[in-house]
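Subject: Structure handover

Hello,

Here is the structure I said I would pass on. My notes on what was found in it follow below the display.

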Amino acid sequence: MADPVEIRAATDDDLEQINEIYNHYVRDSHCTFDVAPVTMPDRRVWFNRYATTGRYRLLMAMMATTVLGYATSSPYHERAAYASSVQTSIYTAAGMQRRGVGSALYAALFELLADEDVHRAYGGIALPNDASIALHQRFGFTRAGCFTEQGRKFGRYWDVVWYERAVA
């Protein structure tokens, strides 16, 4: 990429572009198991789960005013004993895969999480998705297990492989 990519915390002004990126995957990919596009009111509720400090982050990769992708660290599970575990996700804009956006986002996200009370990060990847597996492995994730036929979308069942990595 010729122009510099800026990584920063997401703001309310980013939500429409975030939603466009995510809904592309809802409509055209098995990478998310949502089957209906996310509405803007629902996206705003989702956005309020994140902060500029703490375990739960939402980072943007920007070039000028265009969102290239985003990464999150979200609660892994609602029960208190899981509080020091997060689930991470990355979504890139159409055409931005394999261009370093995901790597830049994960590098920034894990740098921030290193200073938080986070013990483990988990990533669930619907198969097949060689690019996502390679990205997670590049950031020290190892395969923890595979759930077969975990979700149904586009008239078929998909396996989900889970990866984990130590954060602290």
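Arg 8 sits in strand S1, which covers residues 6-9. The model is a predicted one. With a relative accessibility of 22%, Arg 8 counts as partly exposed; the cut-off for buried is under 20%. The side chain of Arg 8 makes a polar contact of 2.8 Å with the side chain of Asp 14. Setting aside neighbours within four places in sequence, Arg 8 is in contact with Asp 14, Leu 58, Leu 59, Met 60 and Met 62. Strand S2 spans residues 57-63. Arg 8 and Thr 52 are 44 residues apart in sequence, and their C-alpha atoms are 9.5 Å apart in space.

Next, helix H1.

Helix H1 runs over residues 15-28 and contains Asn 23. Ile 21 is in helix H1 as well. Ile 21 is buried, at 7% relative accessible area, and Asn 23 is buried too, at 8%. What does Ile 21 touch, leaving aside its neighbours within four places in sequence? Its contacts are Val 67, Leu 68, Gly 69, Tyr 70, Tyr 91, Thr 92 and Ala 93. For Ile 21 and Ala 93, the separation is 72 residues in sequence and 5.3 Å in space, C-alpha to C-alpha. Asn 23 touches Pro 37 and Val 38, not counting residues up to four places away in sequence. With Val 38 there is also a reach from side chain to backbone: the side chain of Asn 23 comes to 2.7 Å from the backbone nitrogen of Val 38.

The largest pocket has a volume of about 1,200 Å³. It is lined by 44 residues, and those closest to its centre are Cys 31, Ser 89, Ile 90, Tyr 91 and Gly 124. Which elements give two or more residues to the lining? They are the helices H1, H2 (40-47), H3 (101-113) and H4 (130-138), together with the strands S3 (66-75), S4 (85-92), S5 (120-126) and S7 (156-166). By residue type, the lining of the largest pocket divides into 21 nonpolar, 16 polar and 7 charged residues.

How many disulfides does the structure hold? The count is 0. A disulfide needs the two sulfur atoms within 2.5 Å. Cys 31 is partly exposed at 29% relative accessibility, and Cys 146 is partly exposed at 32%.

Some notes on the backbone.

Most residues other than glycine have a negative phi, and most peptide bonds are trans. The peptide bond from Leu 127 to Pro 128 is cis, with omega near 0°. Pro 128 lies in the loop between S5 and H4. Ala 64 has a phi near 60°, a positive value in a residue other than glycine. The place of Ala 64 is the loop between strand S2 and S3, and Ala 64 is exposed, at 69% relative accessible area. Phe 154 is not a glycine either, yet its phi is positive, at about 55°. Phe 154 belongs to the loop between strand S6 (142-153) and S7. Is Phe 154 buried, exposed or partly exposed? At 49% relative accessibility it counts as partly exposed, because exposed means over 50%.

Two further residues, both in helices, complete the notes.

Val 101 is in helix H3 and counts as buried, at 2% relative accessibility. Val 101 and Val 45 are 56 residues apart in sequence, and from C-alpha to C-alpha they are 25 Å apart in space. Gln 137 is in helix H4 and is partly exposed, with a relative accessible area of 46%. Along the chain, Gln 137 and Arg 165 are 28 residues apart, and their C-alpha atoms are separated by 9.2 Å.

Regards

Note on methods. Residues are numbered from 1 along each chain as its sequence is written. This is a predicted model: local features need pLDDT of at least 70, side-chain atom pairs count only at pLDDT 80 or more; totals for chains, interfaces and linings use all residues. Side-chain values use heavy atoms; hydrogens and water are left out. Helices (H or I, at least four residues) and strands (E, at least two) are DSSP runs, numbered from the N terminus. Buried means under 20% relative accessible area, exposed over 50%, partly exposed in between (1.4 Å probe, protein chains only). A polar contact is a pair of N or O atoms within 3.5 Å; within protein, one must be able to donate a hydrogen and the other to accept it, and residues adjacent in sequence count only if both atoms are side-chain atoms. Contact means heavy atoms within 4.5 Å. On a 1 Å grid over the protein atoms alone, a cavity is a set of points where a 1.4 Å probe fits but cannot get out, and a pocket is an open set with protein on both sides within 12 Å along at least five of seven lines; lining residues have an atom within 4 Å of a point. Grid points are joined across faces, edges and corners, and a volume is the space filled by probe spheres set on the points. Ala, Val, Leu, Ile, Met, Phe, Trp, Tyr, Cys and Pro count as nonpolar, Asp, Glu, Lys and Arg as charged, and the others, Gly among them, as polar.
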